[in-house]
Amino acid sequence: MEVSYTSGAFQSIPYTGLRVFFIGPRGAGKSASINTIIGRDVAESTSSLRKESTTKKMNEYLDENQNVVLVDTPALRRSVIKELKKEFRKSDILAFVIAAQRLQMEDESCILMVLKDLKYLHSRSFILLTRGSNIVDDNNVFNPESNKELYRLYEAVEKRYVVFENRNKTEKERKLCIDNFLSMSREISFNEEIKIEKPRVIDRKLDRKLDRKVRIISFAAILPIFLGFIMRSYRFRTMCLDFFNALGSLLTFPFR
């Protein structure tokens with residue numbers, strides 16, 4: 001049985017078991033991989049004729065047979081990362097999906113975002129290489145050194161990856177892909193859970209009070225320096241003397 005939320009805002013399925021987020025560039029095979037694992041088309045996959053991903057928001061799918069929740073996400077961008085940070089639990093797993101082929105500029109941009117903005121999730125992440133048949137290595141081994149950014153990600157996730165083929169010719173091949181995916185996910189699930197800090201609740205009234213205190217303290221610290229500089233100025237002393245002499249002359253003029 002599979003359960004999915006495909007309308008309205010993202011809602012988390014009430015489930016305490018394994019949960020895996022699929023992230024990556026458009027057309028990488030996130031939705032197709034979820035369909036392969038579940039065994040039927042539940043996630044709307046990108047057509048080869050389309051330029052944009054058909055996934056517009058996060059959707060969850062519960063696969064009771066595999067005892068896992070799969071979270072499909074739109075093409076990776078800043079807003080998706082922001083949503084991911086909000087929804088990611090300390091026990092969740094992150095699968096960065098990318099096609100096992102020559103990387104495009106968009107793919108490299110997504111890798112850099114993961115390296116920079118999701119650094120604290122690397123210990124609970126792995127690379128999911130779709131279109132595994134495109135790997136041309138003689139030993140069918142993934143070679144991340146072919147791309148600088150991809151190699152950095154490969155090292156950041158401690159060299160964890162799974163080759164995944166969504167166009168399997170036999171059920172045996174499909175089952176092997178699923179077993180490799182689940183084995184990697186469960187292996188990571190035993191890693192130490194990450195610490196997720198709750199965002200600080202901003203008290204704007206308190207912030208305004210603190211701002212006023214900072215301004216007062218800054219002014220009090222600068223004023224003596226400013227006055228000392230002025231008093232040491234010869235021109236200022238001369239101006240003061242001229243002012244008081246003129247004032248004295250003005251006040252004593254009636255008595256002359």
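Two rings of Phe, Tyr or Trp are taken to pair if their centres lie within 6.5 Å. In this predicted model, 6 aromatic pairs are found by that rule. Phe22, Phe126, Phe164 and Phe181 together make up one aromatic cluster.

A pair of aromatic rings is described by how far apart the centres are and by the angle of the planes. For Phe21 and Phe88, the ring centres are 5.6 Å apart and the planes stand at 35 degrees, so this pair is tilted. Phe21 belongs to strand 2 (residues 18–23), whereas Phe88 is found in the loop between helix 2 (78–87) and strand 5 (93–99); the pair therefore ties together parts that are 67 residues apart in sequence. Phe21 is buried, its relative accessibility being 0%, and Phe88, with a relative accessible area of 3%, is buried as well.

A tilted pair is also formed by Tyr151 and Tyr154, with 6.0 Å from centre to centre and 35 degrees between the planes. Both residues lie in helix 4 (residues 148–156), where they are 3 residues apart, about one turn of the helix. Tyr151 has a relative accessible area of 25% and is partly exposed, while Tyr154, at 13% relative accessibility, is buried.

The largest nonpolar core contains 30 residues, and Leu76, Leu84 and Phe96 are those that touch the most other members. At least two residues of this core are supplied by each of strand 2, strand 4 (68–72), helix 2, strand 5, helix 3 (105–117), strand 6 (125–130) and helix 4. Helix 3 provides the largest share, 5 residues. When neighbours within four places in sequence are left aside, the contacts of Leu84 are Phe21, Ile23, Met58, Leu94, Leu118 and Leu121.

The buried residues of helix 3 are Asp107, Cys110, Ile111, Met113, Val114, Leu115 and Asp117. These buried residues pack against strand 2, helix 2, strand 5 and helix 4.

Definitions and conventions
Residues are numbered from 1 along each chain as its sequence is written. This is a predicted model: local features need pLDDT of at least 70, side-chain atom pairs count only at pLDDT 80 or more; totals for chains, interfaces and linings use all residues. Side-chain values use heavy atoms; hydrogens and water are left out. Rings of Phe, Tyr and Trp (its six-membered ring) pair if their centres lie within 6.5 Å; planes under 30 degrees apart count as stacked, over 60 as edge-to-face and the rest as tilted. Helices (H or I, at least four residues) and strands (E, at least two) are DSSP runs, numbered from the N terminus. Buried means under 20% relative accessible area, exposed over 50%, partly exposed in between (1.4 Å probe, protein chains only). A nonpolar core is a set of buried Ala, Val, Leu, Ile, Met, Phe, Trp, Tyr and Cys residues joined through side-chain atoms within 4.5 Å. Contact means heavy atoms within 4.5 Å.
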